[in-house]
Amino acid sequence: MAEELNDLALVWGHIVAFLDSAVLKWALDLGIADIIHWCGGPTTISQLSSSLPVPANNSDNLRRLMRYLVYMGLLTSQGEDLYWLTSAAKFILVGDEKSLVPFARLTQQGDGNKWLDLGSLLEEKASKSTFEVLNGEDMSSYAAKHAEYNKFFNEAMASDAPIVTPALIEGCRDIFQGITSLVDIGGGTGTASRAIAKAFPHIKCSVLDLPHVIETIPNYPEVEQVPGDMFSFIPHNHAVMMMKILHDWDDEDCVKILKRCKEAIPEKGGKVIIVDIVMDIEEGHNITRTRYAFDVIMMISTGGKERTEKEWRKLVSSAGFSRCEITVINALQSVIVGYA
Ligand SMILES: C[S@@+](CC[C@H](N)C(=O)[O-])C[C@H]1O[C@@H](n2cnc3c(N)ncnc32)[C@H](O)[C@@H]1O
């Protein structure tokens with residue numbers, strides 16, 4: 001019976017899982033975590049209510065949503081009426097350097113129900129993402145024509161880079177030591193390449209992205225900005241980095257991109273540094289589940305995929321690289337290095 005009850009709770013958990021996103025959205029809209037953070041310590045329901053558009057006679061409903069945030073692991077409660085932030089809550093603080101709020105906002109855009117109509121996605125031509133089916137064009141073409149979406153998208157990507165890049169720098173010092181120049185392909189607003197230029201001043205860093213992305217970013221002296229299309233041209237450099245790029249593309253396109261990378265680096269000492277999820281590195285239920293979720297998100301958003309270790313090695317060798325090394329870092333992503 002205990003087992004059946006557990007199974008029942010598991011299935012109910014999936015049925016009501018939409019609530020997690022809804023409660024998170026509510027908490028972000030009202031800045032719940034930020035208010036508690038600025039209060040500087042455990043915060044009461046009445047302190048919270050005074051900063052929120054919640055009438056006093058609704059404080060019981062507020063308390064119930066706060067209780068759900070505790071079960072979501074974002075708050076802790078002391079007694080019935082005192083709430084404080086868990087260590088995970090820093091990722092939902094607007095001002096924190098590791099804030100994922102811009103990413104959450106991107107996922108809250110548009111009509112979520114249409115996005116999640118996976119049945120019709122599978123009926124459509126396999127190479128089309130849901131984004132393409134819904135908008136008639138892929139994300140990059142859409143972003144090039146819609147300035148607001150372009151800003152949303154670039155800010156969302158830039159919000160994840162301060163989380164992944166320190167893990168990359170710390171976990172892969174040796175990989176960067178021998179490099180004199182590096183181009184960050186699809187580097188967006190340049191958050192990662194600026195951090196690399198700062199950590200390894202001997203490396204001349206540049207970022208290549210589509211013109212509509214490069215146009216929106218300020219000029220940073222430490223990183224050269226190159227507008228361009230990675231399918232047509234990758235500038236010569238000692239190393240090429242691609243952070244969360246290849247998961248946007250199918251295998252055929254990945255091999256094309258990787259071949260371009262190989263042409264851009266020297267035969268001796270040249271390397272391509274790929275930062276992407278390796279699906280089958282076991283690190284506990286939450287991390288593995290998030291990686292699998294990202295795989296489905298890539299299917300919906302770009303038509304790309306997350307890959308297993310075996311798939312990465314195959315891709316890198318198909319593009320003509322002589323050796324492939326995979327390093328696990330303190331991030332959802334791992335580092336896959338292809339040596340010329
Ligand atoms: C998933 S985002 C990753 C951004 C960044 N590397 C990061 O880790 O946050 C993909 C990036 O690839 C860029 N991109 C897409 N197609 C491209 C192309 N053909 N040439 C160059 N960049 C491209 C997009 O504009 C976007 O900035």
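What follows treats the domains, then the sheet with its helices, then a helix pair, and lastly the surroundings of the ligand.

This is a predicted model, in which local features need pLDDT of at least 70 and side-chain atom pairs count only at pLDDT 80 or more, whereas totals for chains, interfaces and linings use all residues. Residues are numbered from 1 along each chain as its sequence is written.

The domain assignment, whose bounds come from an automatic or database source, gives domain 1 as 2-89 and domain 2 as 101-339. The C-alpha centres of domain 1 and domain 2 lie 33 Å apart.

Helices (H or I, at least four residues) and strands (E, at least two) are DSSP runs, numbered from the N terminus, and two strands pair if DSSP finds at least two bridges between them. An open sheet of three strands has the order E1-E3-E2, with antiparallel pairing. Strand E1 (43-44) and E2 are the edge strands, each with a single partner, so one side of each is left without a neighbour in the sheet. E1 is joined to E3 by two bridges, and Thr43 stands opposite Tyr83 in E3. Strand E2 (residues 75-78) pairs with strand E3 (residues 82-85) over four bridges, with Ser77 opposite Tyr83. The hairpin of E2 and E3 has three residues between the strands, and there Gly79 takes a positive phi near 70°.

Helix H5 (residues 59-71) lies across E2 and E3, running at about 115° to E2; such angles run from 0 to 180 degrees between N-to-C directions, with axes being lines fitted to C-alpha atoms, for helices over the stretch in contact.

Which axes come within 8 Å and cross at roughly 30°? They are those of H11 and helix H13 (residues 191-199). The contact, which requires C-beta atoms, placed from the backbone, to lie within 7 Å, involves residues including Ala158, Ala161 and Pro162 of H11 and Ala192, Ala195 and Ile196 of H13. By class, this contact has eight nonpolar, two polar and no charged residues, where Ala, Val, Leu, Ile, Met, Phe, Trp, Tyr, Cys and Pro count as nonpolar, Asp, Glu, Lys and Arg as charged, and the others, Gly among them, as polar.

Around the ligand are 19 residues, of which Met157, Gly186, Gly188, Met230 and Met243 come nearest; a residue is near a molecule if its C-beta atom, placed from the backbone, lies within 6 Å of it. The shell around the ligand divides into ten nonpolar, four polar and five charged residues. Its largest share, three residues, comes from H11.

How values were computed: Contact = placed C-beta atoms within 7 Å.
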